[in-house]
Amino acid sequence: MIPTLSAIKKNYYCCEMTIEDVKIIELPKFTDPRGNLSFVEQLNHIPFEMKRTYWIYDVPGGEARGGHAFKKNEEFIVALSGAFDVIVDDGLQKKKYTLNRSYYGLYVPVGLWREIENFSTNSLALEFGSEHYSKEDYIRKYDEFLKLKSDGKI
Ligand code: TYD
């Protein structure tokens with residue numbers, strides 16, 4: 001039997017993702033005089049099954065988070081409040097996405113270096129992950145990331 005792409009991705013490091021695979025996804029928005037409402041559904045707006053949600057808040061001015069890549073974890077990032085920049089890097093090219101609306105999400109596939117910076121006061125970054133937390137899933141050294149990327153291992 002020929003394995004499906006998702007089965008391959010589950011069992012092996014997915015490789016050759018580039019910044020072209022990063023996507024801004026518009027979420028539903030119900031505007032209402034009582035206050036607006038948006039939502040996300042896995043395998044609908046979020047293109048993976050999520051195992052984890054976490055959020056980053058109370059970021060002091062000038063700080064940056066998340067200088068790393070993942071081997072298996074896919075991410076979906078929403079600026080629930082305020083604004084920040086997500087910089088994605090595939091080893092060849094970089095692109096900056098400014099997230100400043102709670103009804104847009106940024107899909108970041110595996111195998112890309114990403115940093116989050118330029119947090120506004122009281123910003124709240126909500127992140128959904130396809131994997132449980134595992135420190136082994138992190139690539140924290142940029143040199144190692146470039147080597148794995150150029151070897152086609154991520
Ligand atoms: P980390 O992902 O290293 O943050 P950043 O890359 O933005 O600097 O997470 C910081 C700490 O939080 C890390 O030591 C482990 C812990 N952590 C968890 O226990 N579970 C999680 O889901 C996440 C994201 C972090």
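This report describes a ligand site, a cavity and several individual residues in one protein structure. The model is a predicted one, and every value below is computed from it.

**The ligand and its surroundings**

The ligand is surrounded by a set of eight named residues, Arg52, Tyr54, Arg65, Gly66, His68, Tyr133, Tyr138 and Arg140.

| Residue | Distance from a side-chain N or O atom to a ligand oxygen atom |
|---|---|
| Arginine 65 | 2.9 Å |
| Tyrosine 138 | 2.5 Å |
| Arginine 140 | 2.6 Å |

Arginine 140, whose side chain has an N or O atom 2.6 Å from an oxygen atom of the ligand, is found in the loop between strand E12 (138–139) and helix H2. When residues up to four places away in sequence are not counted, arginine 140 touches Gly67, His68 and Trp113, and of these His68 is also listed among the residues around the ligand. The C-alpha atoms of arginine 140 and alanine 69 are 6.7 Å apart in space, although 71 residues separate the two in sequence.

Glutamate 75 lies in strand E6, which covers residues 75–81. Is glutamate 75 buried or exposed? Its relative accessibility is 2%, and because buried means under 20%, glutamate 75 counts as buried. The side chain of glutamate 75 is joined to that of tyrosine 54 by a polar contact of 3.4 Å, and Tyr54 is in turn one of the residues that surround the ligand. Leaving aside neighbours within four places in sequence, the contacts of glutamate 75 are Phe48, Tyr54, Phe70, Leu106, Tyr107, Val108, Arg114, Glu127 and Phe128.

Glutamate 75 also belongs to the lining of the largest cavity. How many cavities of 30 Å³ or more are counted in this model? The count comes to one, and the space in the largest cavity is about 30 Å³. Alongside Glu75, the residues that line the largest cavity are His68, Ala69, Phe70, Asn73, Val108, Pro109, Leu112 and Arg114. Sorted by class, this lining has five nonpolar, two polar and two charged residues. Strand E5 (residues 65–70) supplies the largest share of the lining, with three residues.

Alanine 125 is found in strand E11, which covers residues 124–129, and with a relative accessible area of 0% it is buried. Alanine 125 and methionine 17 are 108 residues apart in sequence, and 23 Å lies between their C-alpha atoms.

The loop between strand E10 (113–117) and E11 holds asparagine 118, and asparagine 122 has its place in the loop between E10 and E11 too. Most residues other than glycine have a negative phi. Asparagine 118, although not a glycine, has a positive phi of about 60 degrees, and asparagine 122 likewise has a positive phi of about 60 degrees. With a relative accessible area of 53%, asparagine 118 is exposed, and asparagine 122, at 64%, is exposed as well.

Isoleucine 24 lies in strand E1 (residues 23–26) and counts as partly exposed, at 38% relative accessibility. Between isoleucine 24 and phenylalanine 76, which are 52 residues apart along the chain, the C-alpha separation is 9.4 Å.

Glycine 152 is found in the segment after helix H2 (142–150), where its relative accessible area of 32% makes it partly exposed. The C-alpha atoms of glycine 152 and glutamate 16 are 6.4 Å apart in space, with the two residues 136 places apart in sequence.

Definitions and conventions: Residues are numbered from 1 along each chain as its sequence is written. This is a predicted model: local features need pLDDT of at least 70, side-chain atom pairs count only at pLDDT 80 or more; totals for chains, interfaces and linings use all residues. Side-chain values use heavy atoms; hydrogens and water are left out. Helices (H or I, at least four residues) and strands (E, at least two) are DSSP runs, numbered from the N terminus. Buried means under 20% relative accessible area, exposed over 50%, partly exposed in between (1.4 Å probe, protein chains only). A polar contact is a pair of N or O atoms within 3.5 Å; within protein, one must be able to donate a hydrogen and the other to accept it, and residues adjacent in sequence count only if both atoms are side-chain atoms. Contact means heavy atoms within 4.5 Å. On a 1 Å grid over the protein atoms alone, a cavity is a set of points where a 1.4 Å probe fits but cannot get out, and a pocket is an open set with protein on both sides within 12 Å along at least five of seven lines; lining residues have an atom within 4 Å of a point. Grid points are joined across faces, edges and corners, and a volume is the space filled by probe spheres set on the points. Ala, Val, Leu, Ile, Met, Phe, Trp, Tyr, Cys and Pro count as nonpolar, Asp, Glu, Lys and Arg as charged, and the others, Gly among them, as polar. A residue is near a molecule or strand if one of its heavy atoms lies within 4 Å of it.
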